[in-house]
Amino acid sequence: MKKFEKNPKKSTYDIIIIGGAIMGSSAAWFLSQNPDFDGTILVVEKDQNYEFCSTAHTTSCMRQQFSTKLNVQISQFAADFVLNLQEYMGDKIKVPKLTINSFGYMYLANDNDYAKNLKENQKIQIEAGAATELLSPMEIKSRYPFYNVEDIVLGSINLVNEGYWDSMTVFNCWRNKAQENGVEYIENEVVDIIKNKSGDRVLCIKLASGELITGENFINASGPRAAITSKMAGIDIPVEPRKRFSWIFKAEEPLDRQLPLTIDPSGIHVRENGGGTYQAGGHGVEDPAVGFDDFTMDYDLWEEKVWPILAHRIPNFESIKLIHDWAGHYSMNTLDQNAIVGPHGEVQNFIFLNGFSGHGTQQAPAMGRAVAELLIYGEYQTLNMKPFHFDRIEKEKPIIENAII
Ligand SMILES: Cc1cc2nc3c(=O)[nH]c(=O)nc-3n(C[C@H](O)[C@H](O)[C@H](O)COP(=O)(O)OP(=O)(O)OC[C@H]3O[C@@H](n4cnc5c(N)ncnc54)[C@H](O)[C@@H]3O)c2cc1C
């Protein structure tokens, strides 16, 4: 990666992207590699070490088990992009070949209402081309003998292009290639946004170092801080930082086959991590918005809630050793936990790339591509992202997506 300078080289750019982690870098790459775009791009990133961004804390898995067709299609493009990364990026030397470790997501239902939900979701997924299978408790047990299924009524799993992928490598490729294409990344912070007198266009950003930089279009890719950035442009969005904990542990007796990313009915999830280690994730009983710099761990949560749940579901996990843990932030869209993408209705040159909650890494390929299409051609050319536009926020009309983790 080319080290970021502090100050921009110019005082005006065609596109200014606020936040340079996975979303900002996806947009930067999709724009800069498009032969129909010859504009200038500035990415402002407040921390070039990316220490606290969501991207650095992800579980890095993708799934096709959503309940809306569009979310399934977005993840299908992610799978296609990851599996054909070298071809998409036009480089078989510096860009590695990636795979997806398709251990699948195993959703477990312990009551009939949730089982009905899984059945309905499966229909939508199959229609969209996913390979989701519904499993009875006996079928679950025969495929994965390590589960305790005594309280389970149904399972749902998809073993095609669903599981772990190396999102950090894709992010690095996007950023490096965007820089090679002439995109300028600086380490600085956007502290204010200035609009024209009538308030329908953003004119410029103000940097922490004091400069005012003008632009034609502005993309808000600032993750959990998205609401602060939008507020600078006078727009409220319902996005807030919510803490999500991750725990890596080693089992004294590892499982005899790969563990799917298992979503226990309690909401706790756990997946294969390789070498006899596993990664669990979850959040506290209370789930408030937290401070942007609050990454403290809740150790009681592991001891009192998470470990007992894991040991109940997979008795091998009674004897485990915790080896690593961390807290990260979801950029939680509190209206419907789905993306807010596209232009603002009035401030047309302010583009959202926000609110991805727990599924932003897998949405980064489709969302970066969508924003690039919008800015270059004035319309979506592949997947139509209009259902994710800001107008639903104003009208308080949530997208109903049942499969949220
Ligand atoms: C524990 C955990 C597990 C997850 N697991 C998954 C998963 O398995 N699959 C999945 O698809 N998704 C997952 N996610 C969600 C995913 O990580 C995020 O949706 C995604 O990384 C969001 O990327 P982003 O670029 O929008 O935000 P971020 O990665 O947070 O990046 C925002 C960037 O903006 C910068 N910034 C903010 N404000 C300013 C400013 N004013 N000026 C300049 N720069 C600014 C920040 O420094 C930051 O680098 C998980 C998230 C967490 C926390």
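This is a predicted model: local features need pLDDT of at least 70, side-chain atom pairs count only at pLDDT 80 or more; totals for chains, interfaces and linings use all residues.
Buried here means under 20% relative accessible area.

In a regular strand the side chains alternate between the two faces of the sheet. You can follow that pattern along strand 4, where Tyr105, Tyr107 and Ala109 point one way while Met106 and Leu108 point the other way, and all are buried. What does strand 4 pair with? One partner is strand 13 (residues 261-263), which runs parallel to strand 4 and is joined to it over 3 bridges. Within that pairing, Ile263 of strand 13 stands opposite Tyr107. Another partner is strand 6 (residues 154-157), this time in the antiparallel sense and over 4 bridges. There, Ala109 has Leu154 as its bridge partner.

Now move on to helix 6, residues 167-180. With 14 residues at 1.5 Å a residue, this helix should span 20 Å, and the 20 Å between its end C-alpha atoms agrees with that. Helix 6 is also largely enclosed by the rest of the structure, because 10 of its 14 residues are buried. Among them are Val170, Phe171, Cys173 and Trp174, and also Arg175 and Lys177. Which elements do these buried residues meet? They pack against helix 1 (22-32), helix 2 (69-83), helix 3 (85-89), strand 8 (184-187) and helix 9 (360-377). Just past the end of helix 6, look for Gly182, which takes a positive phi of about 105 degrees.

Helix 1 and helix 9 each supply at least two residues of the shell around the ligand, as do strand 2 (41-45), strand 12 (239-251) and strand 16 (320-333). In total, 37 residues surround the ligand, and the closest are Glu45, Thr55, Cys61, Thr361 and Gln362.

The side chain of Thr55 has an N or O atom 2.5 Å from an oxygen atom of the ligand. In the side chain of Thr58, an N or O atom is 3.2 Å from a nitrogen atom of the ligand. Gly360 takes part through its backbone, with an N or O atom 3.1 Å from an oxygen atom of the ligand. On its own the ligand has 1000 Å² of accessible area, and the protein covers 96% of it.

How values were computed:
Residues are numbered from 1 along each chain as its sequence is written. Side-chain values use heavy atoms; hydrogens and water are left out. Buried means under 20% relative accessible area, exposed over 50%, partly exposed in between (1.4 Å probe, protein chains only). Two strands pair if DSSP finds at least two bridges between them. The expected span of a helix is 1.5 Å times one less than its number of residues. Contact means heavy atoms within 4.5 Å. A residue is near a molecule or strand if one of its heavy atoms lies within 4 Å of it. A polar contact is a pair of N or O atoms within 3.5 Å; within protein, one must be able to donate a hydrogen and the other to accept it, and residues adjacent in sequence count only if both atoms are side-chain atoms. Accessible areas come from the Shrake-Rupley method with a 1.4 Å probe; for residues, only the protein chains shown count as cover.
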